[in-house]
Amino acid sequence: MQKYLLEIKNLYAYYGKAEILRNISIYVEKGESVAVLGPNGAGKTTLLKSICGLVETKGEIRFNGADISKLKPHERIKLGIAISPEGRRLFPEMTVEDNLLLAGNGEMLEFVYNLFPNLKEKREQLAKNMSGGEQQMIAIARALMLEPKLLLLDEPSMGLAPIVVETIAEAIDRTRDELDISILIVEQNIQMAFDVADRAYILASGEVVNEGTIDNLQEIEKDYFA
Ligand SMILES: Nc1ncnc2c1ncn2[C@@H]1O[C@H](COP(=O)(O)OP(=O)(O)OP(=O)(O)O)[C@@H](O)[C@H]1O
Ligand SMILES: [Mg+2]
């Protein structure tokens, strides 16, 4: 059996001629929760887009042992990769529930409503009328509707109050415990990353500059702020 659910080797990513990621090698084991930390412009979103097939890349992206780097985005979704994207990208004029049902056939609805009772309560409301925290919950719930094996989260804490960040961190933990799922979370909020992740990579200017377990948090933090 494959130890790694996701294994990226010597990955480069490009927007046109601009090389944004250089020689990235990271992995996520089955059942693991891994964070990627880094400042604005480090390439965090580009890394997640590379995994989803949304940017031009060079190098290996292995999922369950198979190289998926040439597959189309929808083929990667089918294999079990889902993303809660930066900025959430909801359909604002649709209800909470319709946003969720667009992604999946409803079998996961009970799980996500149990995970986020607020969403169940307000399922008939338009997405645009939900709070920032609730909109983030919809984005995560929508990704879960795809029943992924790997959940990619792009800065779920962005713009949210600490108490809401905590609620979302707990939901992410529960998801990992209760579903057979691995998580790759991109963050600038170190507390969020440390709340949910077992390990972290530090990304700066498109390269991995450090990595470690959350136990050697202090060294990671020191580097991150350097
Ligand atoms: N569509 C694009 N076309 C050209 N360059 C881009 C594009 N998207 C991002 N970039 C550039 O790629 C680099 C990395 O951007 P990326 O969005 O991956 O960073 P990030 O770490 O997610 O930053 P943030 O924390 O602000 O979200 C930046 O220099 C950015 O200007
Ligand atoms: Mg980003």
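Reader: How do strands S7 and S8 run, and how many bridges join them?
Author: Strand S7 (residues 150-154) and strand S8 (residues 182-187) run parallel, and five bridges join them. Strands here are DSSP runs of E, at least two residues, and helices are runs of H or I, at least four, numbered from the N terminus. This is a predicted model: local features need pLDDT of at least 70, side-chain atom pairs count only at pLDDT 80 or more, and totals for chains, interfaces and linings use all residues. Residues are numbered from 1 along each chain as its sequence is written, while chains are lettered from A and ligands numbered from 1 in the order in which they are written.

Reader: Which residue is the bridge partner of leucine 152 in S8?
Author: Leucine 184.

Reader: What order do the strands of the sheet take?
Author: S6-S7-S8-S3-S9-S10. The sheet is open and its pairing is mixed. Two strands pair if DSSP finds at least two bridges between them.

Reader: Which strands stand at the edges?
Author: S6 and strand S10 (207-213). Each has a single partner strand, so one side of each is left without a neighbour in the sheet.

Reader: New topic. Where is phenylalanine 91?
Author: Phenylalanine 91 is in the loop between strand S6 (81-84) and helix H3 (96-103).

Reader: Why does phenylalanine 91 count as partly exposed?
Author: Because 14 other C-beta atoms lie within 10 Å of phenylalanine 91. Buried means 20 or more, exposed means 12 or fewer, and partly exposed is in between, with C-beta atoms placed from the backbone.

Reader: How far is phenylalanine 91 from lysine 128 in space?
Author: 7.9 Å, C-alpha to C-alpha. In sequence they are 37 residues apart.
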